Amino acid sequence: MLSPARRLLKFFHPEGIPLPGTIAYNAISKTRVFQVNYEIIARDIIYYCPEGSILDIGTGPGWLLEKLHSASPNLQLTGIDISPSMIKKAKKNLAKSGLSDCIEIALGNASDILCSDNYFDAVVSTGSIHHWKAPTEGLNEIHRVLKPDGYALIYDLLSDTPLPVLKKSAREFGRFRMLMLWLHAYEEPFYSLKDFEHLADNTFFKKGSTKFVSVLCCLVLRKE
Ligand SMILES: C[S@@+](CC[C@H](N)C(=O)[O-])C[C@H]1O[C@@H](n2cnc3c(N)ncnc32)[C@H](O)[C@@H]1O
């Protein structure tokens with residue numbers, strides 16, 4: 001359950017990133033700190049799903065899909081996003097990298113995924129779930145489209161990232177960037193660690209576990 005202040009923030013926060021936010025986010029996400037983090041997350045995902053098909057929800061500019069493809073070219077990759085302007089950006093970025101033919105990008109909502117049951121080997125999402133207006137429905141949809149034994153890996157920033165995690169990231173990425181990140185945590189409706197840990201309690205997954213991957217917290221869910 002979000003605090004009343006965060007609930008208010010979430011109420012006014014747009015679900016899909018609209019223009020000109022798309023242009024700003026695309027530019028920021030090209031910086032080293034983001035790109036290194038996409039690589040770290042891609043490695044983490046491949047540990048759980050070394051082959052098969054992966055869906056990335058709220059793919060944004062599509063960089064995570066690019067990193068997943070570089071790390072494991074045989075993966076079948078699909079990205080969806082609720083924002084039409086983000087979809088355009090992702091398609092443009094993938095076209096520039098020559099990956100339009102091997103990675104599918106489509107408009108889509110976490111709460112209503114247009115595919116059959118038990119389809120994907122893994123479903124992932126980075127920095128997106130705090131935008132979702134209906135996270136429980138979204139997690140239930142993920143459960144539906146996942147194959148049995150498949151993993152859902154939901155990565156996001158938290159409103160209360162533990163100090164040791166921030167300090168470790170500050171050593172890797174610099175204190176200034178971590179200070180910016182810490183300030184950023186006050187302007188978006190991020191979950192607290194406690195809320196994040198319990199996000200899946202009322203879903204078909206029933207429970208999940210959390211861990212930190214770089215500066216992001218990952219909710220690990222398995223479909224039984
Ligand atoms: C902060 S961006 C993160 C983009 C990308 N995953 C990354 O890590 O760079 C969050 C993205 O989630 C998308 N989004 C928000 N709510 C969504 C929903 N319900 N279904 C699908 N995408 C959503 C937004 O449009 C935005 O592109």
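Predicted model: local features only at pLDDT ≥ 70, side-chain atom pairs only at ≥ 80, totals over all residues.
Where is the place of Leu99? Leu99 sits in the loop between helix H5 (84-96) and strand S3 (103-107).

**Stop 1: Leu99**

Count the C-beta atoms around Leu99. There are 18 others within 10 Å, and Leu99 is partly exposed. A residue needs 20 or more to be called buried and 12 or fewer to be called exposed, so the label for Leu99 falls in between. Now show its contacts. Beyond the neighbours within four places in sequence, Leu99 is in contact with Glu66, His69 and Leu94. Then pick Arg177, which is 78 residues from Leu99 along the chain. The C-alpha atoms of Leu99 and Arg177 are separated by 30 Å.

**Stop 2: Pro61**

Is Pro61 buried or exposed? Pro61 is buried, with 26 other C-beta atoms within 10 Å. Residues up to four places away in sequence aside, Pro61 touches Tyr25, Asn26, Ser29, Lys89, Ala90 and Asn93. Pro61 and Asp81 are 20 residues apart along the chain, and their C-alpha atoms are separated by 9.4 Å.

**Stop 3: helix H3**

Select residues 32-48, which form helix H3. At 1.5 Å a residue, its 17 residues should span 24 Å. The C-alpha atoms at its ends are 25 Å apart, which agrees. Colour Asn37, Tyr38, Ile41, Ala42 and Ile45, which are buried in H3. Turn the view to look down the axis of H3. The buried residues fall within an arc of 145°, so they line one face of the helix. On the other side of H3, find Arg32 and Tyr47, which are exposed.

What do the buried residues of H3 pack against? Their partners are strand S1 (53-57), helix H4 (63-71), strand S4 (120-126), S5 and strand S6 (209-213).

**Stop 4: the nonpolar core**

In soluble globular proteins, nonpolar side chains tend to be buried together. Here, the largest nonpolar core has 52 residues. Those with the most contacts inside this core are Ile45, Ile54, Leu68, Ala122, Val123, Ala152 and Leu153. Strand S5 (residues 146-156) gives the most to the core, with six residues. Zoom in on Ala152. Leaving out neighbours within four places in sequence, Ala152 is in contact with Val123, Ile142, Leu146 and Leu221.

**Stop 5: the ligand**

Finish at the ligand, which 21 residues surround. Select the closest ones: Gly58, Gly60, Ser83, Ser128 and His131. Then colour the whole shell by residue type. The shell divides into eleven polar, eight nonpolar and two charged residues.

Notes. Residues numbered from 1 in each chain as written. Near = placed C-beta within 6 Å. Nonpolar A, V, L, I, M, F, W, Y, C, P; charged D, E, K, R; others polar. Core = buried A, V, L, I, M, F, W, Y, C linked by C-beta atoms within 7 Å. Helix = DSSP H or I, 4+ residues; strand = E, 2+ residues; numbered from the N terminus. Contact = placed C-beta atoms within 7 Å. Expected span 1.5 Å × (residues − 1). Arc of directions from axis to C-beta.
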